[in-house]
Each structure stands twice: as C-alpha cells, then as structure tokens.
Amino acid sequence: AAYANNTAIDYYQRLLPLLTPAERGEVELDLGEIYRLIGRWADSEAAYHEAHNLAGANQQTRLQARVEFAFGALLRARGTYAEATQWLERAQARFTDLGDAVGASNALREIGIIHWVQGDYEAALSRFEQCKTISSAAGDRRGFFRAVGNIGLIYRSLRNFEKALENYTTALEIAGETGDLLGESMILGNMGNIYLEQGDFSKALRHYIENLQLALSLGYRQGASIAVGNMGMVYHYQGDPVGLLQCSTYNLRITLDLGDLAGIAFSLHLMALANMEMGHFDAAEPLLERAIQLTRELEIPFDLATFLLTKMAFQVALNQYAEALVTVREALEIGREIHHEVVVLEGQVAEIRLRYLLGKLSMAEAVVTFQELLSQLLDGHEDDLKMAHVAYEIWRVDPHQDEFRQKAARLYREMYAFKPEHEFERRYHELTGEDLPAPDPLPPLPEIVTRASLRLETLLAQFDRRS
C-alpha cells in the first residue's frame, strides 16, 4: 500500500503541469486525500488549499464543496475543532444548494463526530440519525455504513454496549459487502473497545490486532496508531505498565509526526499512567501536565475530566491532598456537565476521602457522608461497581467497618471474574490479604511496536516545538 501511494503521488505530480487550471483542482484534491491517508498532513493541507483556490477561480462549485468537506475532515482529525466546524458547515450549505443530499449528509456526519468528541452526545446522535435517514433514502450504502457505525460510538459512550454492538455488527457486514477495508478496520477497533469494557481482553486484543493489520496494509498511520493505543489499554487493565508504556510511546511518536493533537494528548496520558504505575512520578508529571494542557486547548471535556482524575491520583500519591481536592472538584464539575457517570462516581468518592484526609470531616462524619452518597447513587437500584467502591472507602476510613470490608471484597471478587481488571484484584488483596487467580497471559506485542524507541526527552522536545 505504501508503494502504491508513493506511485500515485509521483504520477499526479508529473501530471499536474500538463493540465489546465480547471483540471488541476481535481488532481490536487486527490493528492490531498493520499497525503492525508499516509499522515503527511501539512502536504495534504497545502494540496487542499490549492484545490480550493483553483475551484473558486474556475467557478467549480461542486469541487469547492468537496474540498471544503475534505479540509474540514482533516482539521477534525487533527483536533482543531472550531475551524473544522466552519469548513464543514460551509461544505454542508454548498452541497445542500447543489441538491447533493449525500454530500450534505457526509458533512453533517463529520460535524456529529466533533459533537461526540466534545461530549455533546445528544447533538451527535441527532446528526448521525439524520445521516442514516438521508443515506438510506439516497441508496448510499457507504454513508449508511458510516452513520450506523457512528451511532454505535454514541451508544458505547452512553455505556449501552448491546445497542453499540448491534450497530457495529451491521456496519461491519456492510463494510464487507462494499469492500470498504478502511471502514472495516475502524469498526474492528470500535468493537474491540466494547469487548475491552466488557472484560473480554483476549477478544478485544484480537480485534485490535486485526484493526492494526488492516490499517498497516492501507498505509493508514493514524489508524495504526489508534489500534496500538487501544492495545495499550488492554495491558493497562491487566496491570502490565511496561506493555502500556511501549504502546503509548509508539503512539506518541506517530501522533507527533501526524500532528494529531487529540492523539498526542491521549498518548501522553497513557505514558503518564504507565510511569505512575511503575512509581516513576518524576517522569509522569511532565507527561500528565502536557496532556491536560493540550486537552484544555482542544476543549475535549471527556478526556479532560479523565486526565484530571489521573492528576488527582498523582497528587494523592505525593500526599498533596489540598491540591488534589481542587483538581477532583474540577473533574467532578466537568463530569456532571457531560453526564459521565464513571467520572462523577470517582470524583464524588475521592472528594469525600480528601475532605477526611484534610481533617474537614471526622471519621464518623466521613462514614455517614459515604453512606448518604451510596444511598443517593443506588436510589433503590443494585450497582456492584458503585457499592464496591463506596464500601471500600468506608472501610479505608474506618477499618472496624467489617461488614463493608466483606461486602467490598465479595463484589470485587465477582466483578474480577467478569472483567479481570488489575485494580479489582489489587483492592481485593488489600481487603483480604488474599490473591485472586491471575488472568490468562497476553500475547507479546507486535514487533512494529517494540523494535524502535526514542528517549522521553526527545519526544517531549518535539511536542514543545509544535506550532
């Protein structure tokens, strides 16, 4: 695939001087698409700009709309969401004026993805449902595939895994029917994410490896980077910080080359997590601060809330309780704004514990506050994760609360049987002094991930030089 891409680039570059200005715009657009696929995003941007200028000068309205869409999609992939939205809205309006429902739907889908990344799931789902309706009416199988896949993303974010897998399975079937290898690669990765959440680490890893192989065969570097980042999360859940660090370092190297800002932030956060798990807090701090800084710039609330919870854990590990309380309150505020249940749960629990550690609550007051939180969280419904976390914290505050110790231990054991997360095993051991059975070992990482490495200082210097 890499050879084919380079051959196409060489052909187009030799063809351009032979064409009229009206013909050159189409070729510049094609060049931009190839550059985007292989990660030469600066070249892609330059080609799109040239195509747009040529289309405008030659009054090629449809070509203008296509270039605006392509450029908006590129900017969205790079994490520059405000500018991306402007280009995509321009493309949507132009396609609509042309009576091109499929083109307008594609632009709408990209805008929906931006809503999804920024945590506005209701707006995103509305856009994707519109795309599905338009694509179905137009007989656009490719557009229908993308809409269904993106609806799956929303349901996964809302933790409705059954609906997410239902949509992903439909999308995967369509990709196979239409020979859409790029789409198939993306859906395999998304399905892997569901299996990861459900605790089937082997199945998740198999999907990620297939995702990686397809992305590499297409020369799709960003897709390969995402696949390896997801593989890193498998190692993280299984308590293997070395595997996590190798995956996230590979990720950072590629995302820096691509200029993929959201990907850079994700990679930095995973590297920080890996270093924290190994006790390398000096190495973790600059990684985490840069991840948070970049996520603030990109205005991605879902990631920012998650990264702030990691920063809180970092501060707690260093006994910086006052600073940690400020951090967790910011994460909690964001979690409530975007209705992220896991962030809200972890934030509420951490806030109470920190108030106790700072002497703002007595032992008895902390226990009562935790019990009130538990009653509020459950509201008459069973929820093992919430019950386990709060019962565990009650026992940590007051070790004489043996009923809560036993309840937390039982729940962590049962949840570990369903999803063998290292954190569940660690807490169970803390509560009982006993070990749970080790999960099946994971296969070794692909050689492409482990065969090359760069010094952390080199990667951070490259990050700090970004424009």
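Mentor: The model is predicted, so local features need pLDDT of at least 70, side-chain atom pairs count only at pLDDT 80 or more, and totals for chains, interfaces and linings use all residues. Residues are numbered from 1 along each chain as its sequence is written, and side-chain values use heavy atoms, with hydrogens and water left out.

Trainee: How many aromatic pairs are there?

Mentor: Rings of Phe, Tyr and Trp (its six-membered ring) pair if their centres lie within 6.5 Å; planes under 30 degrees apart are stacked, over 60 edge-to-face, the rest tilted. The count here is eight. Tyr-11 and Tyr-12 make a tilted pair, with 5.7 Å between centres and 55° between planes. A cluster joins Tyr-392, Trp-395, Tyr-412 and Phe-424 through ring pairs.

Trainee: Which residue has its charged end over the ring of Tyr-237?

Mentor: A charge sits over a ring if NZ of Lys or CZ of Arg is within 6 Å of the ring centre and within 35 degrees of the ring normal. Lys-419 does this, 4.5 Å from the centre of the Tyr-237 ring. Arg-90 lies over the face of Trp-87, also 4.5 Å from the ring centre.

Trainee: At what angle do helix H5 and helix H6 pack?

Mentor: Two packed helices are described by the angle between their axes and the distance between the axes. Helices are DSSP runs (H or I, at least four residues), numbered from the N terminus. Axes are lines fitted to C-alpha atoms over the stretch in contact (heavy atoms within 4.5 Å), with angles from 0 to 180 degrees between N-to-C directions. H5 (residues 81–97) and H6 (residues 101–117) pack at about 155°, axes 8 Å apart. So H5 is roughly antiparallel to H6 (an angle over 145 degrees).

Technical notes: Helices (H or I, at least four residues) and strands (E, at least two) are DSSP runs, numbered from the N terminus. Angles under 35 degrees count as roughly parallel, over 145 as roughly antiparallel, 65 to 115 as roughly perpendicular and the rest as oblique.
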